[in-house]
Amino acid sequence: MSITQTADPALDATSRARDLLGVSRLTNQALTRWLHGLPGVDQVGCEARAAGLGTRSIKTTSKAWAIDLAISMIDLTTLEGADTRGRVRGLAAKALLPDPSDPSTPRPAALCVYGDMVGIAREALGADSGVKVAAVATAFPSGRASMAVKLADTKDAVRAGADEIDMVIDRGAFLSGDYLTVFNQIAQVKEVCGDARLKVIMETGELVTYDNVRRASWLSMLAGGDFIKTSTGKIQPAATLPVTLIMLEAVRDWRDLTGEQVGVKPAGGIRTSKDAIKFLVTVNEIAGEDWLDNHWFRFGASSLLNDLLLQRQRMTTGAYSGASYIADDSPSTAY
Amino acid sequence: MARVDVKKTYKLYIGGKFPRSESGRSYEVYAARKGEFLANAAQGSRKDARDAVTAARAAQPAWAGATAYNRGQVLYRVAEVMEARRPQLVQEVRDAEGLTAAAAEAVVSQAIDRWVWYAGWSDKYVQILGGLNPVAGPYFNISASEPTGVVAVLAPQESSLLGLVSVIAPVIVSGNAVVVVTSADRPLPAITLAECLATSDVPGGVVNIITGKASEIAPWLASHRDVNAIDLAGAAGADGVDWGALEEASAENLKRVLRPAGTGADAVEPDWTATPDLSRLTAFLETKTVWHPKGR
Amino acid sequence: MPKFEYAPAPESRAVVDLQSSYGLFINGEFVDGSGASFKSISPATEEVLAEVSVASDADVDAAVKAARTAYTRVWSRMSGADRGKYLYRIARILQERAREFAVLESLDNGKPIKESRDVDIPLAAAHFFYNAGWADKLGYAALPGGANPQPHGVVGQIIPWNFPMLMLSWKIAPALATGNTVVLKPAETTPLTALLFAEVCQQADLPPGVVNIVTGAGPTGQAIVDHPGIDKLAFTGSTGVGKMIARAISGTRKKATLELGGKAANIVFDDAPIDQAVEGIVRGIFFNQGHVCCAGSRLLVQETIAEEVESRLKRRLETLRVGDPLDKNTDVGAINSKAQLDRIIALTDVGEAEGAERWDNGCELPSKGFWFRPTVFTGVSQTHRIAQEEVFGPVLSVLTFRTPQEAVAKANNTPYGLSAGIWTEKGSRILWMADQLKAGVVWANTFNQFDPTSPFGGYKESGYGREGGRHGLEPYVKGTH
C-alpha cells in the first residue's frame, strides 16, 4: 500500500471527502486516521442489542404489513454459474407475479443477476413493472481483477440496462489498511454507474470484526455508495443481524453528518419471514422509519420470498400453507 | 552517686507524630502485680480520636495503593524493629500483665511471630479469597478483596501486646488505616509498638494509637461517619463500655462491626495465644467484582 | 402515526391459576394467618389480584418455631448431598414452571414480561442450581469452619419488591445449601410469586419447616428481626430500613447481611464504544423501571462528548415502549406502587425546582395504574438532590466530568457504594478506574449483568455481606467471631 498515493482529484467523491475529513489532500493516512477515529464497537453489547431486537413479537396486522414490506424489499437473486436464460426468465416471471393465487401480493424490488443476464432480465421484466434490474459487477464475488476489468464489467452491465450495480470492495486492500485503494475503486465504479444506483458489497464475513464493518461502511459511503451491502452470499457468515445493525447505525449517523441518506442491503442467509421481520424491526428502531422503504432497504435473497409468501397465505387464509401452494419456477423442498 | 535516669514520656501516636492529648490530660499507669507507678500516659480525648480519624483517612489511600509486596515488607520491617526492642517490650509486658520474665519473653516472641505471620499474608489473601467467576455469558468476571478504609479498633484490655498486635496487624495488612484505643490500664506496650511503627517504614497515619479510656473515646469513634468499620474486641473488660450501644451507634453509617468474643451480651477477651485464622483480616475487607465483555 | 406499529402481543394469563386469597406457608402447609389480610394489586391496572394474610407476631413465632424444629430434627442432620438434591429439584421445577412464574411476576410487580421471562425467572432457577452444587462441597469453599463449616440455624430473610423471585432465590438458595432453615417475608406489594414458590417447595417434597413464607408489611418484618429464635438476618431493601435492622440487632449475636440502596455512577469516556454505551445507559437506569438498587442513576459523561451522548440517548429513549407489562414488546412497565410513584414524582419535582433541565420521551401512558415516563435530567450537579438520593425509578441524572480523576471523585462522592459503570475502549483506564471506584460491583463496557457465580453487594451505606458466588455462602456459616 502506498501512503503517499493521492486520490484522483477529478472525482467529486474525493473533494467531498477532503471537506468531510478537513484535509487538503486525501491520503491513505488521512483516511486511516478518520476511520480509526470512529467509535469502537463492543461485540458483546452489539450482539446483545441485536438479540434484544430479535425478541420483538410482531403479530396480526403488523405482521401482515411487515410481510408485504419485506416482499417489496427483496432483490430476488440468482448468481450461479449454472444460470440460464430460462432460469432468469423464470425468476422474472416470479417477480412479476409472486403469488398467482393472490394478485395483490407486492412485487419484489429487483431481480439481481450476473452482468451477462441483465439484458434477459430487462427484457423479461418489461419497462413498466417497477421491478429493477440489479447486476453484480467488478469481478464478483472475489473482486480479484484489475481495475480496468472491474470498470468494464460495470459499464457492460449499465449499458445492458442495469438499474443498480452491486459491486464488491477489495477486501484484501481493506484488510491491509489500504483504504485509499478501496475508496478510489468505489469512487471510480460510481462514476461509470451513471444513473444506476451503486450498492457496495463489503463482504462482512471476510472483514470479521464489527469495527471493520463500521469502518468499511463509512468508507463506502464516503466514496459515494448509494447502498451498503453485507455480502456476496458466497461467504459465511453472510448477513447477520448484528452486522446489519452496525450498518444501520452507520447510515443513520452518516445522514446526521451529511444530510444524505444511504441504503442498506443485508444479503445471504435470510431465509425465513421471522428473520426478515427481525431485520425490519432493527431497521425501524436503529435507523428509523425513513428506511422502511424499498428505496432504502433491501434483502438480497432467493428462498426468502417463498417463505414470505407462505406466511402471507397463512395470514390471508388463516390456515398453514405448504410448498405445493407456492408457484415457483425452481421449486424448493427446503421447507 | 547513682545516675539519674531519663524517664520515658508516653504520648499519643497520631499521623506519624507523638503529640500530647489535646486535652492536656494524662493519667497514671501502675504495674499489674505490685501496683507500683510506671509512668504517666496521655489520656486521649474525643478530639484526639477525631484527629486520628482525619490522619487515618488521609493516609489510607496511599497505603492501600502501595503494592502488596511493599506492604508485606513494611510490616516485616516492623517485626525487625520489635525484635530489636525486645528487652523494652518484655519489661513493659511484664509490668503491664504481671508476668514472669520467661512468660513475658514468650508473649513478646509470639507477638513478633504473629506480626510476621500477618505480614506474609499481604500478597496472598486476595488469591485465596477471590478469583475468576465463571459466569454464564461472554464476560470476564473477577472478584477481589479491597480494604474497607478507616477502621477503629478497641484493643484488648488484658493482652497488652499480643492482643494488640493480633488486632492491628490483620487490619492494616490489607491496606486499611487504623485508629486504636489501647487498653486503659496497660497502655505502655502500645506506645512502644508505636515507636516501632514510627521507626519502621509504616507511613504516618496508617496506625494511630490513642491511650486512655474506651468508655470515653469509643462512642465518638462508633458514631463517626468517616470510620468504615469498628473492632469491639477491647469492649471485653473495659469499664463503662456497652458494646451493644457502640454497635447501635455504628449502624448510623453502617459500619462493619466485629463484635467482641463471648455469648449473648457478655464480652470476653479471647485467648490470644490461640492460632489465628483469617477472620480478623476478612472482617475488614470488601469484595469488589468487575465485569467486562469478551469480544473481538 | 408510526409506519411500523407493533400490534399488542400479550402473553397469556391463562398459565397462572390465581386463588382469591392466600394464607401463610408455615411448616410445609398453607395456614390462615391470625391477623388481618391485605390486597395485592397489579400496578399496571390496579386490579386486585388476591387477598394475602398479614402475618402477626404469633404467626412469625410459629414460622420460626417450625424452622427451628426442621433445622434441629431434619435439615441439620441431612447430608449436604441430600440438601443439594432438594435444591436441584427446586431449580428444575422453577425451570418447568418458568412461564407461570414470569407471568405472575409481571402481573404482581408490573415489570415487563420480557424481563421476568428472560432475566428474573431463569436467573432465579440458576441460583438454585448453582447453590445446589455447593451443598456437599462446602469444605472446599475456604469458609470459616474449614473442612466443616457450620450453619447458623434459623435465618430470617426479608426481600424487596423489585425482583421478588430473584431476591427470594438469592436468599433461600445459599441459606439452604449451607444447612440453614428459613423464614422469608416477601414485600407487601409483591407476595404472590413467593407464595407460588411455597407450592414448589411442596412439589419438591422439601421437608416441612425448612422454608416458611410469611407475608405482611413492616411490622411482620420487624417481628422477624426481633424474634429471639432468629440466628441470622438477610435483608435487601432501603438503606433506612437496613440501618434500623442494624440497630435492632446491635448487642445481640444475630448476624446480618444487608443489601441496600445505591446511587451508581455510570461513567462514559469520550473513547467509549458509543452505541453500546447508550445501550448500557438505558439498561442501567430503565431496566426494571429503574427499580434497581444498583441502577446507573447518575450518568457521568466526559464533557467532550456530553452533547452527543445526550442526543443519542434521547433518540434511543424515544424507541422505548412503555405499557402493558404482559405485552412481549414492552420495554418499560408499571411503577410498582402508588407510594413509589409519589416518591418519584416528588423527587423529580425537586430536580426541576433545583434547576436541572427535565426531559422525558413523551410516550403515552395508560390511564389506569402507576406509570412514569423515562426521564432524563441534564445540567445536574453533585449537590442536587436527584444526584444524591436514590429515586428508584426511570429517572436519569446527567453530570459531566473532564478527567478520570474528576470522574472518580464524583462517582465516589456519595454515602452509597453498590455499583459503578465504566465505558472506555482503553483497557488500562478501565483497570485503574475499577481500582479507584468504591463500589462492590463494577461493570466495564456493560451494565446490570447478574450471575449466580458473581458476588454482589456494596461498600459503605450500600450495606455489607455479599450474595452470589462462593462469597455468598460466607454469611450463612458461623464465623470465628
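Which strands form the open sheet of ten, and in what order? The close-ups below come from a predicted model.

**View 1. An open sheet of ten strands draws on chains B and C.** The order is β3(B)-β4(B)-β10(B)-β17(C)-β16(C)-β11(C)-β12(C)-β15(C)-β14(C)-β13(C). Pairing is mixed. The edge strands are β3 (131-132) of chain B and β13 (357-360) of chain C. Each of these two pairs on one side only.

**View 2. Strands β4 and β10 of chain B run antiparallel.** Nine bridges join β4 (residues 139-147) to β10 (residues 285-293). P147(B) faces L285(B), which lies in β10(B).

**View 3. Chain A holds an open, parallel sheet of eight strands.** The strands follow the order β7-β6-β5-β4-β3-β2-β1-β8. At the edges stand β7 (263-265) and β8 (299-301) of chain A. Each has a single partner strand, so one side of each lacks a neighbour in the sheet. From one strand to the next, the twist averages 25°.

**View 4. Strands β5 and β6 of chain A run parallel, joined by three bridges.** β5 spans residues 197-201 and β6 spans residues 227-229. I201(A) is opposite K229(A) in β6(A). Helix α9 (residues 179-193) of chain A packs on the sheet. This helix touches β4 (164-168) and β5 of chain A. Its direction makes about 155° with that of β5(A).

**View 5. Chain C meets chain A.** Here 21 residues of chain C are in contact with 22 residues of chain A. On the chain C side, helix α9 (residues 274-286) of chain C gives the most, with five residues. That side of chain C divides into eight nonpolar, six polar and seven charged residues.

Note on methods:
Residues are numbered from 1 along each chain as its sequence is written. Chains are lettered from A and ligands numbered from 1 in the order in which they are written. This is a predicted model: local features need pLDDT of at least 70, side-chain atom pairs count only at pLDDT 80 or more; totals for chains, interfaces and linings use all residues. Two strands pair if DSSP finds at least two bridges between them. Helices (H or I, at least four residues) and strands (E, at least two) are DSSP runs, numbered from the N terminus. Two residues are in contact if their C-beta atoms, placed from the backbone, lie within 7 Å. Ala, Val, Leu, Ile, Met, Phe, Trp, Tyr, Cys and Pro count as nonpolar, Asp, Glu, Lys and Arg as charged, and the others, Gly among them, as polar. Axes are lines fitted to C-alpha atoms, for helices over the stretch in contact, and angles run from 0 to 180 degrees between N-to-C directions.
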